[in-house]
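Work through these exercises with the model in view. Try each task before reading its solution.

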Amino acid sequence: MFRNIPTITKNLLIINVLAYIAGEVLSLRNISLSDLGGLHFFLAPDFHLYQFVSYQFLHGSFMHLFFNMFALWMFGGIVENVWGSKKFLFYYIFCGIGAGLCQEVVQYVTYASEGLAAYDAVSVTGYGRMAVGDYLNHWVTIGASGGVYAVLLAFGMTFPNERIFIFPLPIPIKAKWFVLGYAVIELASAMSGPGDGIAHMAHLGGMVFGFFLIRYWQRHPGSSFDMGPGQQFFDQMKRSFEQRKRQHQPERPTATREDDMEFNARKKERQEEVDAILDKIRRSGYDSLTKEEKRTLFEASRER
């Protein structure tokens, strides 16, 4: 199963797991990988620009890692297969950086409204600015959630009416409602106030950056990140159908010339129908097919 995961999704899973293991090992030596690679508040002494990327591969707990990687495995591979590796990787990192920027803005607003009071409080202790710097260094963001939430959005926008099962819902739900529901939950959690230790605005930030990037690509189909890899994916499916038909011709008893002509005519009509369906998928996506077209494609794929 792991061999069937697309290249970028597979490597992202591996890097995140290795980073978590490295963090656990280093913690035994009292070295915090989160302090080094986590995204600090930009006014903190320990802030560095590289943290906008490195924070995306660090996690605070096993469950944090598990749920992010499960979502990445479940949806990332599908999106990568349709978009292609180059486009998917750029989207993932870009949205992760966007999520970090949103979190920085939230922290700055918090600092402007509440941090000044904290500054005055620690100044009277005699430590002055040194104590304030230590205080700001505790504002650290880690996790792949910004990129992962962007991947959820990409799946929802690519396959909006595809029904998926999500625990604990007893019935399947369309992808577009699943994504919208997640966004509403994150917004409500963010508006309820800080305190749960989760960067809800970073999650929303990843989705917002992802939405505008996808809309840009949709309006500029001739950009360097076009849908070529996705078209190749469906072209390969089409070639697979054609090759299978050539290799597994049905055995027929001796027939008259009229029977043979009728058989060839039906075969040609069937092939043209399948070709038209595959072309439609390439242009508008699988979800644009009617139930009859989906059934025809399924039946054609099982013919020997």
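**Exercise 1.** Find which residues S145 is in contact with, leaving aside its neighbours within four places in sequence.

Solution. Contact means heavy atoms within 4.5 Å. Leaving aside neighbours within four places in sequence, S145 touches H64, N68 and H203. Helices here are DSSP runs (H or I, at least four residues), numbered from the N terminus. Then look at the side chains: S145 and N68 are joined by a polar contact of 3.1 Å. Such a contact is a pair of N or O atoms within 3.5 Å; within protein, one must be able to donate a hydrogen and the other to accept it, and residues adjacent in sequence count only if both atoms are side-chain atoms.

This is a predicted model: local features need pLDDT of at least 70, side-chain atom pairs count only at pLDDT 80 or more, and totals for chains, interfaces and linings use all residues. Residues are numbered from 1 along each chain as its sequence is written, and side-chain values use heavy atoms, with hydrogens and water left out.

**Exercise 2.** Decide whether S145 is buried or exposed.

Solution. Buried means under 20% relative accessible area, exposed over 50%, partly exposed in between (1.4 Å probe, protein chains only). S145 has a relative accessible area of 7%, so S145 is buried. Compare F66: its value is 39%, so F66 is partly exposed.

**Exercise 3.** Classify the ring pair F62 and F66.

Solution. Rings of Phe, Tyr and Trp (its six-membered ring) pair if their centres lie within 6.5 Å; planes under 30 degrees apart count as stacked, over 60 as edge-to-face and the rest as tilted. The structure holds 21 aromatic pairs. In this one, the centres are 6.3 Å apart and the planes of F62 and F66 stand at 25°, so the pair is stacked. Now the sequence: F62 and F66 are four residues apart in helix α4 (residues 62-83), so about one helical turn separates them.

**Exercise 4.** Name the residues with the most contacts inside the largest nonpolar core.

Solution. A nonpolar core is a set of buried Ala, Val, Leu, Ile, Met, Phe, Trp, Tyr and Cys residues joined through side-chain atoms within 4.5 Å. The largest has 39 residues, and L72, W83, Y91 and Y92 have the most contacts inside it. A second, separate core of seven residues includes L39, F47, Y55 and A99. Finally, return to W83: W83 forms one aromatic cluster with F90, Y91, F94, F209 and W217.

Terms used:
Helix = DSSP H or I, 4+ residues; strand = E, 2+ residues; numbered from the N terminus.
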